[in-house]
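Morning, everyone. I'll take you through one model today. Please have a look at it first.

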Amino acid sequence: MIEARHLRVLRAVAATGSFSAAARTLGCTQPAVSQQMKALETSAGTPLLIRTGREMRLTQAGEALVRHASGILAGLTAAEEEIAAIAGLRAGRVRLVSFPSGSSTLVPTALAALRAAHPGTRVSLVDAEPPRSVEMLREGDCDVALAFRYAGAEREGEWDDLVVRPLLTDRLVGLVPEGHRLADAGAVTIGDLADEPWIAGCPRCRRQLVEVCETAGFTPRIDFATDDYPAVIGLVGAGLGVAVLPELALESVRPKGTRTVVVEPRVAREIVALTLPDLHRVPAVGATLEQLARAASR
């Protein structure tokens, strides 16, 4: 195994013509240069220098190694500088995946703050709902996943292999048309909506809706299902059904033609940022998690 420190010594000897001169250039002792050259020749398996009087002459193998040494050492220096830049947050890349309502609310605030604090850090964003977003993280297709789960509805230990950064608790609210009989009710039970047609959201949200309704003693009649929250709001506003939506989903959409009501029993989802244990130590990833947490606390 040829070591970079040995290549630096070889290059110094080739440039100065002697061990003593190379030692002065490198700021070490002549015996140290001699020992490192012996180690390099052992690694190379062939002589690299021939002593001629007071000077050293490179063998053909030595000339070849010096020729490659410049490029190797330059590459190592560039790599060290780039790593130092990433570690100091002067550079870096973070691949973020988020569910749509998170992308339109938490993410913009977090990324604006991240750019202001660390302009050299680049972040890419892709939309995906859990569990697909969590699969992407485990498969190496992203560095941070913004995800959610409903209390008591997920498998025990689902995220035990991940670093979990809790962000906020997002309560679900009811959404009814403006002229609905319950529009001015303020608060309703899920059972009050048992006979209504429903507009359902993403598969995970849809499953949670069915479970909550079945606990209340009925199975919801789902007339429409869509992952697009503005579409859900539009369908409710047109009088085609009722829905329950996370409060976060309503922050970035004007719910035209609809009214929100508090739904009992309380149903909420936990919003978290996830990453892998090794990625958690990467400065740019840590900074992204910190800004997501700050955005959620506002």
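How many aromatic pairs does the structure hold? Two. Before the details, the ground rules. This is a predicted model, where local features need pLDDT of at least 70, side-chain atom pairs count only at pLDDT 80 or more, and totals for chains, interfaces and linings use all residues. Residues are numbered from 1 along each chain as its sequence is written, and side-chain values use heavy atoms, with hydrogens and water left out.

Back to the rings. Rings of Phe, Tyr and Trp (its six-membered ring) pair if their centres lie within 6.5 Å; planes under 30 degrees apart are stacked, over 60 edge-to-face, the rest tilted. Phe 99 and Phe 148 form an edge-to-face pair, 5.1 Å centre to centre with 85° between the planes. Phe 99 sits in the loop between β3 (92-98) and α5 (100-103), and Phe 148 in strand β5 (residues 144-150), so the pair ties together parts 49 residues apart in sequence. Helices (H or I, at least four residues) and strands (E, at least two) are DSSP runs, numbered from the N terminus.

Next, a helix crossing. The axes of α2 (residues 19-26) and α3 (residues 30-44) come within 8 Å and cross at roughly 105°. Axes are lines fitted to C-alpha atoms, for helices over the stretch in contact, and angles run from 0 to 180 degrees between N-to-C directions. That makes α2 roughly perpendicular to α3 (65 to 115 degrees; under 35 is roughly parallel, over 145 roughly antiparallel, the rest oblique). From α2, Phe 19, Ser 20, Ala 22 and Ala 23 meet Gln 30, Val 33, Ser 34 and Met 37 of α3. Contact here means heavy atoms within 4.5 Å.

On a 1 Å grid over the protein atoms alone, a cavity is a set of points where a 1.4 Å probe fits but cannot get out; lining residues have an atom within 4 Å of a point. Grid points are joined across faces, edges and corners, and a volume is the space filled by probe spheres set on the points.

How many cavities of 30 Å³ or more does the search find? Two. The largest cavity holds about 190 Å³. Of its 20 lining residues, Leu 172, Cys 205, Leu 209, Val 244 and Leu 245 are the closest to the centre. Helix α8 gives the largest share of that lining, five residues.

Technical notes. On a 1 Å grid over the protein atoms alone, a cavity is a set of points where a 1.4 Å probe fits but cannot get out, and a pocket is an open set with protein on both sides within 12 Å along at least five of seven lines; lining residues have an atom within 4 Å of a point.
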